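This report describes a single protein chain through its helices, its nonpolar cores and its charged pairs. Please have the sequence and the model open while reading.

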Amino acid sequence: MGFPVSLRIDDEGVADEAVEAVFSWLRETDARFSPFRPGSEVSRFGRGELARHELSADLVEVLDLAEHYRRATGGAFDVRLPGRGLDPCAVVKGWSAQRAAESLRAAGVRRFCLNAGGDVVVAGGPWRAGVRHPDRADRLCAALELTDGAVATSARYERGDHIIDGRTGRPATGLLSMTVVAATLTEADTVATAAFALGGDGVEWAASLPGCEVFAVATGGRVLRTSGFPSLAEPHPREGARPPRPSRPARVRRGRPRSGRTGRSRPGRS
């Protein structure tokens, strides 16, 4: 799927098969759903070689999720774009990693951290994760703690202007990064991408969704966060960092990103 995946398990005596099943599933997902593989189910459906009733239940589920968020964002989030064809990667990444996490739970694993290209699903915490500063690759702008749940970030810093606003066909503007915490990585990852596609309006939209907490950095460096975002103590400021503005009596609080002392965002044991 074009990104690294790491898995940490702290339980004793976990069978090798449980771990192998995770990576086997992710390889299978890549083979079946990659729009870059001509023979994948997604590519064949996109070319019209498969009818809807011939699709696997998994792909139908992914397409239904994509349609749900397309409608919820008024078309800003869309897996079908002119010139790109069908590309459900924005849904598949979090969905497939969440499925992998569920397979671990089914195998009796209680404490684990699965990191799929920087988007993380954990169980049996507490676990700590960092949100990369949108302008400085060696800094964090937020740190958070999770026990059971997921966190995902959509941003420009890794792949440039790759998130398209389906309403305009142009790269989304208004946000530098959008981080969402939710119960599952399916929701956290898809909501983060959909909110980023919405631009500035995406922060309030994501914050309005039940069970979602938000940390966003808007163009210009303004920070917006929900009161329930599970932040740890703010990273120590560095030169150029500004302190947060006073919080407002609204669900979304505003401030400035701070640069942390640590390196790239990594999950770790508390």
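## Model and conventions

This is a predicted model, in which local features need pLDDT of at least 70 and side-chain atom pairs count only at pLDDT 80 or more, while totals for chains, interfaces and linings use all residues. Residues are numbered from 1 along each chain as its sequence is written, and side-chain values use heavy atoms, with hydrogens and water left out.

## The chain as a whole

The protein chain contains 6 helices and 15 strands; these are DSSP runs numbered from the N terminus (helices: H or I, at least four residues; strands: E, at least two). Of its 270 residues, 48% are buried. Buried means under 20% relative accessible area, exposed over 50%, and partly exposed in between (1.4 Å probe, protein chains only).

Among contacts (heavy atoms within 4.5 Å) with a separation of 6 or more, 62% join residues 24 or more positions apart.

Helix α1 covers residues 16–33. Its 18 residues reach 26 Å from the first C-alpha to the last, close to the expected 26 Å; the expected span is 1.5 Å times one less than the number of residues. The buried residues of α1 include Trp25, Leu26, Asp30, Arg32 and Phe33. Their cover includes strands β1 (5–9) and β4 (112–116), together with helices α2 (41–46), α3 (57–72) and α4 (89–106).

Helix α4 also has 18 residues, and its end C-alpha atoms are 25 Å apart, which agrees with the 26 Å it should span. Among its buried residues are Lys93, Trp95, Gln98 and Leu104. Helices α1, α3 and α5 are among the elements covering the buried residues of α4, as are strands β1, β4 and β5 (119–123). Just after α4, Gly108 has a positive phi of about 90°.

## Nonpolar cores

A nonpolar core is a set of buried Ala, Val, Leu, Ile, Met, Phe, Trp, Tyr and Cys residues joined through side-chain atoms within 4.5 Å. In the largest core, with 56 residues, Met178, Val180, Val191 and Trp205 touch the most other members. Helix α5 (residues 185–198) gives this core its largest share, 9 residues. A second, separate core has 17 residues, including Cys113, Trp127, Phe215 and Val217.

Leaving aside residues up to four places away in sequence, Met178 touches residues including Ala152, Ala192, Phe196, Val203 and Phe215.

## Salt bridges

The structure holds 18 salt bridges, each a side-chain nitrogen of Lys or Arg within 4 Å of a carboxyl oxygen of Asp or Glu. Asp10 pairs with Arg8 (3.0 Å, N to O) and with Arg111 (2.7 Å, N to O). Because Arg111 lies in the loop between α4 and β4 and Asp10 in the loop between β1 and α1, their pair ties together parts 101 residues apart in sequence. Arg111 is buried at 13% relative accessibility, whereas Asp10 is partly exposed at 23% and Arg8 is partly exposed at 36%.

Glu67 and Arg70 form another salt bridge, with their closest N and O atoms 2.7 Å apart. The two are 3 residues apart in helix α3, so about one helical turn separates them. Glu28, Arg32, Glu41, Asp58, Glu61 and Arg99 are linked in a network of salt bridges.
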